[in-house]
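Subject: Structure handover and what was found in it

Dear colleague,

I am handing over the structure we spoke about, and below it I have set out what was found when going through it. Please read the notes with the structure open beside you.

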Amino acid sequence: MNKAAVMTLILCAGLFAAPANAQGDAEAGGKLFKRFCSGCHQIGESARAFFGPQLNGVIGRTAASTTDYQYSDAMKSSGIVWTREKLAAYIEAPKTVVPGTRMIFWGVSDPEKIDDLLAYLQTFSAPD
């Protein structure tokens, strides 16, 4: 095999591997959720608001839209729809994304951990 063919294979392998890694590991995300988030948020079949809103179906949801939680004025007026990218930025630095949020969380700076958390959150759909 010539050098050009080898380089093409290496580049293609890298291109196809990157998106899979960028999606995160839901199992690892579950462990991170328990460690970082579960003190304030619930998720799953019987989830309800706690110190923070329940997070079922959060990706794709409009901020401050669940009815069983009293959101801060900052969150209510944010106009945010929680896309994967917006939620990743919020997990990294909540007060940067929504200045005035009541969420007391220092953030997560590791992109892999953020991807894992998002993969976990994506496994829970919005309640019917």
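Buried here means under 20% relative accessible area, exposed means over 50%, and partly exposed covers what lies in between. With a relative accessibility of 34%, T83 therefore counts as partly exposed. Please keep in mind throughout that this is a predicted model.

Overall fold

The secondary structure of the protein chain consists of six helices and zero strands, so that, read from the N terminus on, the order of elements is α-α-α-α-α-α. The chain has 128 residues, of which 37% count as buried. Of the contacts in the protein chain with a separation of 6 or more, 47% are made by residues 24 or more positions apart.

The salt bridge and its surroundings

How many salt bridges does a search of the whole structure find? The search finds one, and it is formed by R84 with D115, whose closest N and O atoms are 3.6 Å apart. Because R84 lies in helix α4 and D115 in helix α6, the pair ties together parts that are 31 residues apart in sequence. Both partners fall under the cut-off for burial, since R84 counts as buried at 14% relative accessibility, and D115 is buried with a relative accessible area of 19%.

D116, which is also found in helix α6, is buried yet has no salt bridge, and the nearest side chain of opposite charge, that of R84, is 7.4 Å away. A salt bridge requires a side-chain nitrogen of Lys or Arg within 4 Å of a carboxyl oxygen of Asp or Glu. Leaving out residues up to four places away in sequence, D116 touches G24, D25, A26, A28, G29 and L32.

A119 lies in helix α6 as well, and at 10% relative accessibility it counts as buried. Again without residues up to four places away in sequence, A119 touches Q23, G24, D25, A26 and R84. A119 and E27 are 92 residues apart in sequence, and their C-alpha atoms are 8.4 Å apart in space.

The largest pocket

The largest pocket holds about 580 Å³ of space. Its lining is made up of 29 residues, and those that lie nearest its centre are H41, P53, L55, Y90 and M103. Which elements give two or more residues to this lining? They are α2 (26-37), α4 (84-92) and α6 (111-121). Sorted by class, the residues of the lining are 22 nonpolar, five polar and two charged.

The loop between α2 and α3 is the place of A64, and the phi of A64 is near 60°, a positive value in a residue other than glycine. At 24% relative accessibility, A64 counts as partly exposed.

Q42 and G52, ten residues apart in sequence, are 8.0 Å apart in space from C-alpha to C-alpha.

Finally, T123 has its place in the segment after α6 and counts as partly exposed, at 48% relative accessibility. The C-alpha atoms of T123 and G44 are 9.2 Å apart in space, while the two residues are 79 residues apart in sequence.

With best regards

Technical notes:
Residues numbered from 1 in each chain as written. Predicted model: local features only at pLDDT ≥ 70, side-chain atom pairs only at ≥ 80, totals over all residues. Heavy atoms only, no water. 1 Å grid on protein atoms, 1.4 Å probe; cavity = no way out; pocket = protein on both sides within 12 Å on 5 of 7 lines; lining within 4 Å. Points joined across faces, edges and corners; volume = space filled by probe spheres on them. Helix = DSSP H or I, 4+ residues; strand = E, 2+ residues; numbered from the N terminus. Nonpolar A, V, L, I, M, F, W, Y, C, P; charged D, E, K, R; others polar. Buried < 20%, exposed > 50% of the residue type's maximum accessible area, 1.4 Å probe, protein only. Lys, Arg positive; Asp, Glu negative; His and termini not counted. Contact = heavy atoms within 4.5 Å.
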